Amino acid sequence: MALDPKKHEMPAQDPQVRAHNFDEVALGYTEEMAVSEAQRCLNCKNKPCVSGCPVNVNIPDFIMKIKEKDYEGAYQIINKTSSLPAVCGRVCPQETQCEAKCTMGVKFEPVGIGRLERYVADWHNENAKEKAQAPESNGHKVAIVGSGPSGLTCAGDLAKKGYKVSVFEALHTAGGVLVYGIPEFRLPKAIVAREVEGLKDLGVDVETNVIIGKTLTVDELFDMGYEAVFIGSGAGLPSFMNIPGESLKGVYSANEYLTRSNLMKAFRDDPRTPIMKGGKVAVVGGGNVAMDAARTALRLGAEHVYIVYRRSMEELPARAEEVEHAKEEGIDFRLLNNPVEILGYNNPDDPRDPKNGFVTGIRCIRMELGEPDASGRRRPVPIEGSEFELDVDAVIMAIGTSPNPLIKNTTAGLEVNRRGGIVVNEDGLTSREAVYAGGDAVTGAATVISAMGAGKLAAASIDKYLSSK
Amino acid sequence: MYLESPFSICIRRKEQIMYKIVRRKVLRPTVIQLEVEAPLVARKAKPGQFIILRVDEEGERIPLTVAGVNPDEGTVKIIFQVVGATTEMLKHVPEGGYIQDFVGPLGNATETEGINKVCIVGGGVGCAIAMPVAQEFHRLGADVTSIIGFRSEDLVILEDEFNECSNKLIVMTDDGTYGRQGNVTVPLDEMLSAGEKFDMIITIGPLVMMKFVTLTAKKYDAPITVSMSPIMIDGTGMCGGCRLTVHTEEGDKMKFACVDGPDFNGYEVDFDEAISRGRMYFDYERHAHEETCNLYKMAENA
């Protein structure tokens, strides 16, 4: 049988339609597509794809199960190493991980591993009726700080081994960035809620409205009888550019904008939490968060949305699929442009004019690529005298975050690096005994799957530490 | 949907953890004091810190400053003025009812170190925040002068409480219906011009008032701390909505009220910017409040 050189296209909502709703963009493979895509897997002996996965999912094995139409069997293989398959199948950057290593990819398109993973996870969620059972307790208690991807993964792995795990979440809903950051159209919140429920079935306690560093400290967790603590508190404080006009009304951090829409449901018709809707919007930045913010703005009714990014398409860090989706939906990419000032309305004759202080535009300067910098990417250099203005009503800054100081400030002896990230060794252990950390709190803003990998590593280290105690 | 939710949550305790209103006291028709069961917060909260609450599952998150705690009972006191949709809903939660979320304590406690003589200047419902700060200084043995100001007599709150913890108390109303007539800056200016020296002036109230209290202090080079309460969502530094500009010797800096504050050196705060930012959702808020009021009225008449 001849191998199909291309992977099966992912069915998706029509761009013109989806640009105006918050329903999921990608619709998922049908059974026929999944089985047919699975046929493309060569089942290589050396399994290069597995080495590309931060949590080492046994990819060829689960794909073989799909070929046999044993979807629950496929799920069980994924579930051995990944706690959140329905999430990973949707938001992992497979093109730079497992699929980048796929043998098929040498000559053709790689196998659609992420799409198959999603199919299997969705099949399981749809069809598996049996709830996971909490295993027999081993008598050890572990506290997890933060219910994002690293915390949920760490909690799941430990719970499966019989640990009594409590997850502490600062916000009112568990899920961390999966809930407040990634929009509904990319990751439906019902899926995250189901993953959290699955953990509760395993006996994990999820305590919302508890801020570690404020409500309780890490030291108090030990006083309460927890024998190890994992800190997965996430990325933290949004960065701004330090240019004039960033305090004008209509300038948001991507964190605030996405939290208002995703967590606080400001996208609804009659929301309790307000958000600026409509008008023209500029999103500054080129990562996945910038794509999410831009596409959210569009769905909230913006008439025109710009992505303003200082480098070129080649350096744009967002997942290729997200960029493609954004383009299809009509997002206007203004590359090699850097904002120098945000402009606001000011009526000199009437200081009480209600329009005063609202954003009217953004002044940018054109850039060109110079010599490569420390990151290996060509450094963008401003072209003198090339400033121009875009008329916009809102500006969303999606240029990264810096770690949250709340835990560092209240945990004596917890070492952090120059940028505020928690320092860990190769086992995920911090400078404090029995305190582990992972995810964005350690690395700064990164991906869901790398955070999961860190949660997984810490879980294994905690298990090793407590079982030898 | 909106008719259902504000009432139902008050009566029915759901399986999930909710927070009980242990005591409810109407201080003035639009000013209400609640004592909420939240043992972890009660154990930790210090004067100057705040909490964030949501009334029900659909609710927005609003910050309110802690007006007192009872760690033994595990309750936290909050005082709020009905100004918008959420506070309107909160007003309708009865004693014994529950609210959805209550998290804290947030922000930093008011600095008391090395302050032996303090002047507390509170305005309106800001007095509810100023009160525990005044009490704390009193407990620490400091000399406390309190100036509290209100629009008119029917809004005066906490006079007895301030009396108990202040060496000197001055009550002001804008319209002269109670106490002295005038702004809180009037007696402050009089005292400072008469040569009175305070280790610190602490002002808590509407932004415009704090701006003018700061200007008054500046005339006499008196040190002043202001308590900022901007719009925010998470209260832990994540959203950046609460950012404000401080003018320092090293230039302008962006600060987040939730993690860097809420107390700031009054001389450094850009009040005009903060006032402008506070009005970002003004039209929306007014509309939402009216809608909510109408729904309650409809429910009452039904």
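Buried residues account for 54% of the 469 residues of chain A in this predicted model. Chain A contains 18 helices and 16 strands. Its radius of gyration is 23 Å, close to the 23 Å given by the globule rule for 469 residues, so chain A is as compact as a globular protein of that length. Along the principal axes, the C-alpha atoms of chain A occupy a box of roughly 75 × 65 × 50 Å. Contacts in chain A also span the sequence: of those between residues at least 6 apart, 71% join residues at least 24 apart.

Around Val283(A), leaving aside residues up to four places away in sequence, the contacts include the alanines Ala290(A), Ala293(A), Ala294(A) and Ala297(A). Val283(A) also touches Val305(A), Tyr306(A), Ile307(A) and Val308(A), together with Ile396(A) and Ala398(A).

Attention now turns to chain B, which is divided into domain 1, residues 4-106, and domain 2, residues 117-278. The C-alpha centres of domain 1 of chain B and domain 2 of chain B are 24 Å apart. Where they meet, 17 residues of domain 1 of chain B are in contact with 19 residues of domain 2 of chain B. On the domain 1 side, the elements that give two or more residues are β1 (19-28), β3 (50-54), β4 (62-70) and β5 (75-81) of chain B. Of these, β4(B) gives the most, with five residues. The residues on this side of domain 1 of chain B divide into 11 nonpolar, four polar and two charged.

Confidence remains to be considered. The model scores ipTM 0.88 and pTM 0.91. Chain B has an average pLDDT of 90, and 94% of its residues score at least 70. Where pLDDT is low, the predicted coordinates should not be read in detail.

How values were computed
Residues are numbered from 1 along each chain as its sequence is written. Chains are lettered from A and ligands numbered from 1 in the order in which they are written. This is a predicted model: local features need pLDDT of at least 70, side-chain atom pairs count only at pLDDT 80 or more; totals for chains, interfaces and linings use all residues. Helices (H or I, at least four residues) and strands (E, at least two) are DSSP runs, numbered from the N terminus. The radius of gyration is taken over C-alpha atoms; the globule rule is 2.2 Å times the number of residues to the power 0.38. A residue is buried if 20 or more other C-beta atoms lie within 10 Å of its own, exposed if 12 or fewer, and partly exposed in between; C-beta atoms are placed from the backbone. Two residues are in contact if their C-beta atoms, placed from the backbone, lie within 7 Å. pLDDT is the predictor's confidence in each residue, from 0 to 100. Domain bounds come from an automatic or database domain assignment. Ala, Val, Leu, Ile, Met, Phe, Trp, Tyr, Cys and Pro count as nonpolar, Asp, Glu, Lys and Arg as charged, and the others, Gly among them, as polar.
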